[in-house]
Amino acid sequence: MNSIRYLFTGINYPGHNGIIRRGFLFIDNNQVRDLGVEYPAEYEFSEYRADYEYKAVVIHGFSAAISPSTLPLGNNIDTGEILGSLSREEIKRLILNGLYRIIRAGITFPVIADPQPDLVAKTLLEKQIPAIIVDKGSALPHRPGLYYIDVEDSRVYFEGKYIGDYDEVFCPVEVISSNCKIPLIPSNPVYLGCILRNLSGYSNLLYNGYKLVERGEGIIRKGEPADLLLYDLRIPDKNALIPHRLEDLLKLGYLPDTILIDGDIIVEKGEALELEALDISDILATIRDEIGS
């Protein structure tokens with residue numbers, strides 16, 4: 001991915017207090033370089049410019065724990081046995097399909113809790129998507145360009161620092177506790193927009209992955225990685241009042257229209273540019289035949 005300069009004008013974005021405000025965003029060298037009400041004239045030379053007439057909202061991308069390889073399969077089957085019967089190439093196709101769903105929903109910094117962690121890691125590096133890999137004591141190679149969380153005897157560590165017990169650090173979205181740090185998305189083919197909508201009351205949890213590994217604070221400010229979600233409310237079936245707070249936007253349950261990761265557009269106007277949605281219907285048909293349903 002090659003980072004270029006972006007100037008988004010006529011947008012709404014949440015300030016540090018979470019209240020949606022009007023302004024612009026200038027993105028350069030993979031980061032949010034400037035924001036505010038009026039932009040300097042030199043920003044007009046940006047390679048990418050878009051004005052939304054204050055009918056769009058830009059928010060920081062999300063972080064949540066998820067399993068890309070099992071996301072398309074469902075939770076009523078033995079995914080370990082199923083994955084064991086598939087070829088490496090078939091599993092990679094599942095991973096790519098799952099990653100597309102994850103990114104498309106706005107999870108720009110996934111925490112990978114997957115039975116095939118190193119294959120997911122290699123796929124992420126190929127697509128240049130940053131992520132956290134959960135290493136459950138399997139002595140994974142820690143590949144440059146990714147972050148790793150180590151789990152030893154149900155205790156979670158980052159770079160040797162104790163974070164907490166696994167069941168407290170990761171909590172299913174159905175059971176959010178006061179100790180929860182990172183929401184764990186179900187491993188079944190759900191509509192992720194609904195899951196994120198249900199987390200509207202716990203929106204702070206959607207940024208803890210960033211904070212945990214010091215990739216940023218999960219807020220739009222100068223110097224923050226340009227992991228951004230843009231919701232274009234000019235689209236007729238998305239026409240809505242500009243939300244007052246971030247939580248109000250999440251309650252709409254919309255998928256973002258434009259997604260940036262590390263200052264590069266991954267999805268633009270609802271179409272994926274950098275991550276293909278692979279067809280896995282043949283793999284699912286084979287699995288269906290194997291389980292006899």
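Predicted model: local features only at pLDDT ≥ 70, side-chain atom pairs only at ≥ 80, totals over all residues.
Q: In which sense do strand β1 and strand β2 pair, and over how many bridges?
A: Strand β1 covers residues 6-14 and strand β2 covers residues 20-28. Taken as a whole, the pairing is antiparallel, and the number of bridges is seven.

Q: Which residue in the turn between β1 and β2 has a positive phi?
A: The two strands form a hairpin, with five residues between them. Within that turn, a positive phi of about 85° belongs to Gly-18.

Q: How many bridges join β2 to strand β3?
A: Strand β3 spans residues 31-36 and runs antiparallel to β2. Among the contacts is that of Phe-24, whose bridge partner in β3 is Gly-36.

Q: Which residue in the turn between β2 and β3 has a positive phi?
A: Strands β2 and β3 form a hairpin in which two residues lie between them. Most residues other than glycine have a negative phi. In this turn, however, a positive phi of about 55° is found at Asn-29.

Q: Is Ile-11 buried or exposed?
A: Ile-11 lies in strand β1, and its C-alpha atom is separated by 5.7 Å from that of Gly-23, a residue twelve positions away along the chain. A residue counts as buried when its relative accessible area is under 20%. Because its relative accessibility is 0%, Ile-11 counts as buried.

Q: Is Glu-53 buried, partly exposed or exposed?
A: Glu-53 is placed in the loop between β4 (48-51) and β5 (56-60), and although it is not a glycine, it has a positive phi of about 55°. The exposed class begins over 50% relative accessible area, and the buried class lies under 20%. With a relative accessible area of 48%, Glu-53 is therefore partly exposed.

Q: What is the relative accessible area of Glu-214?
A: Glu-214 is found in the loop between α6 (208-212) and β14 (228-232), and its phi is positive, near 60°, in a residue other than glycine. Glu-214 is exposed, and its relative accessible area is 72%.

Conventions
Residues numbered from 1 in each chain as written. Heavy atoms only, no water. Helix = DSSP H or I, 4+ residues; strand = E, 2+ residues; numbered from the N terminus. Buried < 20%, exposed > 50% of the residue type's maximum accessible area, 1.4 Å probe, protein only. Pairing = 2+ DSSP bridges.
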